[in-house]
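Welcome, and please open your viewer. We will go from stop to stop, selecting residues and seeing what is there.

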Amino acid sequence: SIIFDCDGVLIDVTKSYDTTINKTISYVLKEIADITVDTPLTNELLLSFKSTGGFNDEIDITYAGILCFIAAKKLNKNPTELISDVINNADDSGITYIENFLKKIDVDVSDVKARLNYPSTDKNDLIHSTFDQLFFGPELYGRVFQKESKFSEKGFIENDNVIVNSKLIEALKKRFNDKIAIVTGRGFNAISSSLKEILNQFNVENSV
């Protein structure tokens, strides 16, 4: 059998998840710290975060970006320089690392952490809810979460670029006797919204 991840493998998420990271950071920074920034993290910084091994979750990167920008403001330091320092010294512990790093350089972001309440068990914190609303868009967000979105713009999920195609899937099904599946952190509604009929060519029952 052969098993695929989804994001970055079956689907190019550069203009969907990556854009949502930046839009969420921008929105939350404006909401809680009156900081205005259009594109907080360049593609290079986003890739560098993911390459550390501790930031495979897009919302963890979002949280790290928010903390870094607020820490930079408190330190009167260039945010990009601080983020580069963070990445260059990073281990694979993700948000635990970022919080410890900021403690080490003597910047107090406890007020921000209390306000963000991230990560929360019910995922109703400001970062999660903003990210999901921006990513899914009002219609799909309402269907998935049974809640009304505060945003009216179309979801960035619509910018997903499906890399895999039916021809490749057919070749793989022959090679692996129809035993092709997906393991992903993306929910069923999100993955079916983007892959559409291609998803039916995978063994969905044995996917996770």
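Which helices each supply at least two residues of the lining of the largest pocket? Select helix H1 (17-33), helix H2 (43-51), helix H3 (58-75), helix H7 (126-145) and helix H9 (188-195), and you have them. Helices here are DSSP runs of H or I with at least four residues, numbered from the N terminus.

A word on what you are looking at: this is a predicted model, in which local features need pLDDT of at least 70 and side-chain atom pairs count only at pLDDT 80 or more, while totals for chains, interfaces and linings use all residues. Residues are numbered from 1 along each chain as its sequence is written, and side-chain values use heavy atoms, with hydrogens and water left out.

**Stop one: the largest pocket**

The largest pocket has a volume of about 740 Å³. To find its centre, select Asp7, Tyr17, Glu58, Gly185 and Arg186, the closest to it of the 32 lining residues. A pocket is an open set of points on a 1 Å grid over the protein atoms alone, where a 1.4 Å probe fits, with protein on both sides within 12 Å along at least five of seven lines; lining residues have an atom within 4 Å of a point. A volume is the space filled by probe spheres set on the points, which are joined across faces, edges and corners.

**Stop two: the second largest pocket**

Next, select Phe136, Leu140, Ile157, Glu158 and Ser193, the closest to the centre of the second largest pocket among its 15 lining residues. This pocket has a volume of about 210 Å³. H7 supplies the largest share of its lining, six residues, and H7 and H9 each supply at least two.

**Stop three: Val144**

Now pick Val144, in helix H7. Leaving aside neighbours within four places in sequence, Val144 is in contact (heavy atoms within 4.5 Å) with Phe136 and Asn189. Is Val144 buried or partly exposed? Val144 is partly exposed because its relative accessible area is 24%, where buried means under 20%, exposed over 50% and partly exposed in between (1.4 Å probe, protein chains only).
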